[in-house]
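I opened my notebook to jot down a few things I wanted to look up. Here is what I wrote as I went.

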Amino acid sequence: MKKILLILLMAGFAVQAQPDKKIDKCIKVFYKKGMAEGIEKLNKLMDKEMIKNSSMPSLRAYEVLVAMEFERYSLFANMDISITDENGEEDTSMTALFDELTAISETRFLNTCRRATIESTSYTADMYYRNFVIDEDPDTNISEKGLEYYTEAEEFFLKEDYELAELNYRKALNEDPGYYKALLYLGDSFWAREDYDSALVYYTQAKKMHPELLEPRKYIVDALVEQELYFRAKKECLEAFTIFPGADMKLKYQQILYVENKYMDDHRFFRLFYPNDITKEDQDDLSYLDVWADYRAAKVKISKYCSDDGIIEDNGITEDRYLEVYSIRNMLQANKGNLPEYLHFAAKMDEEGYLEPYVMIGLFHVDFYPQFKDYMSSEENREKSMEWVEKYTIETYRD
């Protein structure tokens, strides 16, 4: 469950049925000639694919690119070094330079994740971006003793001594009853011993402790699937979509539906540009993309009524509350009868009153997370969103 090492050669495992030797060559360059060279080669390969074939690169290409950038970032982030001058004192200028390089590497990695989540269904990109940017650390006030027990538990876990790991997670919780990670990973100590029922108990407690976090919900789904409790697992997935509907959670839902010979089609389409952002005046001009010019123009129309987070106040122009929903609706209604086929489903959702949940879940992107979070703060909206998934996205495989 946790501490799963991202093995680069296995990136994009779910699409390995269609291997790509060109991507494999990029991986070899990454390890043999250098990280920067491998990443550059893969980026050029992906750009060539889009220009030459007028198609998006494969999911595996994005998964490998994210994995490469993560490994390059980790090279800096995991270094424990002390830079000193000739007198043995800390060289503050060199330390500052190293910190700057680490920050640049992290920014580059997160930008890659952001790109992958608009251009593809990269599940690792969604997972990493959420972990780094969206999720808040709930364990900021842990005692020294609690942290000491937790650290020992982690060491035992890595040694696969799960009984002693369990013991020390419990000791950490005794010191700090609100220690979220100790509780979550106590569940992992049972998962590692294939005691999924006990693991489920602690994952559920972690979910109740911090219902705004996705991780325990993902673990709950996995534990339920291991016990073949698919109905409950589907229900957990639906609820999880109202927390963060990333591709990683959708993949879990797909795996559950497959047992029933079904799949989820969220009618997502990919973009080479980012969602409207009221704080950025220099976003890409979309006039060359026909109907999307009206999408971008919507930002200007509503700007004086819209907060930096994309929340629209009461006004005389629209009843929409969210910039992304308003922008897509503006595009759809300005181009009725002239929409490309991939937007027909969106038009149908507009007509049937489900455009909001479609945008928030089907077309979700991290850039409008504040709008998504505000929308899902309403119980009525959460219920409608889960209803939308069940009513409009589940299909049956045909022979």
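I started with Ile104, which I placed in helix H4 (residues 92-119). Before going on, I reminded myself that this is a predicted model.

Next I checked how open Ile104 is. I got a relative accessible area of 41%. Exposed needs over 50% and buried means under 20%, so Ile104 is only partly exposed.

Then I turned to the second largest pocket, which holds about 460 Å³ of space. I noted that 20 residues line this pocket, and that Thr121, Lys250, Leu251, Gln254 and Met264 are the closest to its centre. Which helix gives the most to the lining? I found that H12 does, with 5 residues. Helix H5 (123-134) and helix H12 (247-259) each supply at least two residues. I sorted the lining by type too: 9 nonpolar, 6 polar and 5 charged.

Last, I looked at backbone angles. Glu228 has a phi near 60 degrees, which is positive although the residue isn't glycine. I traced Glu228 to the loop between helix H10 (215-226) and helix H11 (230-241). Is Glu228 buried or exposed? Its relative accessibility is 58%, so I wrote down exposed.

Asp290 also went on my list, with a positive phi near 55 degrees in a residue other than glycine. I found Asp290 in the loop between strand E1 (262-264) and helix H13 (292-302). Its relative accessible area is 63%, so Asp290 counts as exposed.

Definitions and conventions
Residues numbered from 1 in each chain as written. Predicted model: local features only at pLDDT ≥ 70, side-chain atom pairs only at ≥ 80, totals over all residues. Heavy atoms only, no water. Helix = DSSP H or I, 4+ residues; strand = E, 2+ residues; numbered from the N terminus. Buried < 20%, exposed > 50% of the residue type's maximum accessible area, 1.4 Å probe, protein only. 1 Å grid on protein atoms, 1.4 Å probe; cavity = no way out; pocket = protein on both sides within 12 Å on 5 of 7 lines; lining within 4 Å. Points joined across faces, edges and corners; volume = space filled by probe spheres on them. Nonpolar A, V, L, I, M, F, W, Y, C, P; charged D, E, K, R; others polar.
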